[in-house]
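Dear colleague,

I am passing on a structure that you have not worked with before, and below it I have set out what was found in it. Please read the notes with the model open beside them.

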Amino acid sequence: MDAKADEEKILRTWTPFLLRTILIAATLILIFGLIYTGIREPAYYVSRYRLVQGGTATRPAEDFIELVNGSLSGDAHSMLTLGLLVLTLVPLGRVAFTLILFIRERDVVYIAATAYVLTALIAGMMLGRIG
Amino acid sequence: MLTIVAALFTLAVGAGFVGALSGLGGGVFIVPALVLLAHIPMNVAVGASLISVVATSAGASVAFVRDGWTNLRVAMILECATVTGALTGAYLAGVFSAPVLEMLFALMMLQSAYFSLRGHGESLVSKSDPLCERLQLGGTTTDEHGRTVGYGVTHLPIGAVLMVVAGVMSGLLGIGAGAVKVTAMDYFMRLPLKVSSATSNFMIGVTAGAGALVFLSRGDVAATVAAPVALGVTAGALTGSRMLPHLPSEALRKLFVVLLILIAIEMGWRAYSGL
């Protein structure tokens with residue numbers, strides 16, 4: 001089997017698995033977060049929603065560690081935001097996996113392409129903090 | 001709280017369902033639904049939409065990748081262009097005022113309506129041009145008789161330029177911009193239509209993901225809105241894509257063109273009033 005066919009086979013087997021796993025994890029966190037908010041902090045949700053509608057809901061962006069710690073301590077907002085962050089990690093995880101595969105196969109053009117995409121995704125997180 | 005979550009979820013299911021049936025994706029419908037019906041500010045609607053687009057792309061891509069419809073190499077190369085555009089668009093979304101974004105959204109809907117009526121590309125090419133050959137972008141697909149046929153790929157630079165445009169639209173307006181991506185691949189790069197659609201769907205996740213990361217890190221994603229919307233759009237899109245083969249596609253296409261034009265007029269009027 002040549003290198004391209006080998007790459008294709010691994011990508012077609014593992015990419016769907018990776019996409020599905022992260023998607024299910026994010027969905028479960030979001031569903032749990034909404035149910036938890038409904039039970040523990042429904043008034044908080046409604047007040048936040050009204051602030052969002054009025055365009056006055058400001059909250060500083062949190063990093064991943066803060067969100068995990070917040071979720072573990074039962075903060076509903078952290079739980080929901082963590083679910084959304086995990087969801088946005090779907091493409092990041094998929095591109096990182098592809099990069100590892102291309103490095104393994106020493107496919108230089110595609111290493112460069114996927115490394116650029118991965119760097120751009122990470123840069124996106126920094127760009128949001130600047131702009 | 002239950003009323004708000006149920007209302008957002010229902011809107012999102014509807015948008016995801018119509019997005020899947022029309023082939024335009026849930027983002028095109030959820031942004032106006034949130035702005036016009038739920039009275040959510042444009043930037044918050046775009047942030048919520050981008051996250052739901054990531055979810056629907058991931059959900060739909062699973063089967064396409066597994067069954068071999070996605071051209072993974074074309075996707076990897078063109079994603080360089082789409083993420084560049086998406087980061088630019090998402091950054092600009094934080095600079096432009098809401099009425100400007102709403103006017104651009106209205107124009108994008110009219111462009112989507114035009115693309116929905118446009119014909120498809122010419123027949124396949126059997127051999128790639130030298131650049132695409134060097135990058136090994138060609139692939140195989142199945143024809144109407146179930147036979148495996150090879151196809152070549154051409155005009156990568158034109159495709160890449162259109163992908164930057166698609167990326168800017170995605171990051172700026174919270175959509176997948178699948179119509180532009182499919183046009184670039186089907187019409188200019190001469191990929192088979194089904195391969196173009198599957199590859200576009202796969203790339204949309206990374207494009208919208210780049211934009212969503214900018215919105216999230218800027219603090220522009222309201223979890224109270226985005227959480228039920230992401231779940232609803234995904235549920236609606238999965239239902240819509242399952243029902244699609246059993247519905248009259250030509251009549252639906254005409255109906256969606258009318259719907260797109262009506263929403264574009266409403267968004268355009270709202271933007272004009274706010275300018």
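Which pattern does chain A follow when it is read along the sequence? The pattern is α-α-α-α-α, in keeping with a secondary structure of five helices and zero strands. Please keep in mind throughout that this is a predicted model.

On confidence, the model as a whole scores ipTM 0.88 and pTM 0.89. Chain A averages a pLDDT of 85, with 91% of its residues scoring at least 70, while chain B averages 88, with 98% of its residues scoring at least 70. Within chain A, the element with the lowest mean pLDDT is helix H3, residues 64-72, at 85, and the element with the highest is H2(A), at 89.

Turning to the overall form of chain A, its C-alpha trace spans about 60 × 30 × 25 Å along the principal axes. Its radius of gyration is 19 Å, whereas a compact globule of 131 residues would have one near 14 Å. Of the 131 residues in chain A, 40% count as buried, and among the contacts in chain A with a separation of 6 or more, 62% are between residues 24 or more positions apart.

The two chains meet over an interface in which 55 residues of chain A are in contact with 52 residues of chain B. On the chain A side, helix H1 (3-40), helix H2 (42-53), helix H4 (76-105) and helix H5 (108-130) each supply at least two residues, and H1(A) gives the most, with 15 residues. The residues on that side of chain A divide into 33 nonpolar, 15 polar and seven charged.

The largest nonpolar core has 136 residues, and those with the most contacts inside it are A:Leu84, B:Ala48, B:Ile51, B:Val54, B:Met109, B:Ala226 and B:Ala230.

Is A:Leu99 buried or partly exposed? A:Leu99 counts as partly exposed, because 19 other C-beta atoms lie within 10 Å, and a buried residue would need 20 or more. Beyond its neighbours within four places in sequence, A:Leu99 is in contact with A:Ile111, A:Thr114, A:Ala115 and A:Leu118. The C-alpha atoms of A:Leu99 and A:Thr114 are separated by 5.6 Å, although these residues are 15 apart along the chain.

In chain B, strand E1 (residues 139-142) and strand E2 (residues 148-151) pair in the antiparallel sense over four bridges, and B:Thr141 stands opposite B:Val149 in E2(B). The hairpin of E1(B) and E2(B) has five residues between the strands, and in this hairpin B:Gly146 takes a positive phi near 85°. The loop between E1 and E2 of chain B also holds B:Asp143, which counts as exposed because it has 10 C-beta neighbours inside 10 Å. B:Asp143 is 65 residues from B:Leu78 in sequence, and their C-alpha atoms are 25 Å apart in space.

With best wishes

Notes
Residues numbered from 1 in each chain as written. Chains lettered and ligands numbered in written order. Predicted model: local features only at pLDDT ≥ 70, side-chain atom pairs only at ≥ 80, totals over all residues. Core = buried A, V, L, I, M, F, W, Y, C linked by C-beta atoms within 7 Å. Buried ≥ 20, exposed ≤ 12 C-beta atoms within 10 Å, placed from the backbone. pLDDT = per-residue confidence, 0-100. Contact = placed C-beta atoms within 7 Å. Nonpolar A, V, L, I, M, F, W, Y, C, P; charged D, E, K, R; others polar. Rg over C-alpha atoms; globule rule 2.2 N^0.38 Å. Pairing = 2+ DSSP bridges.
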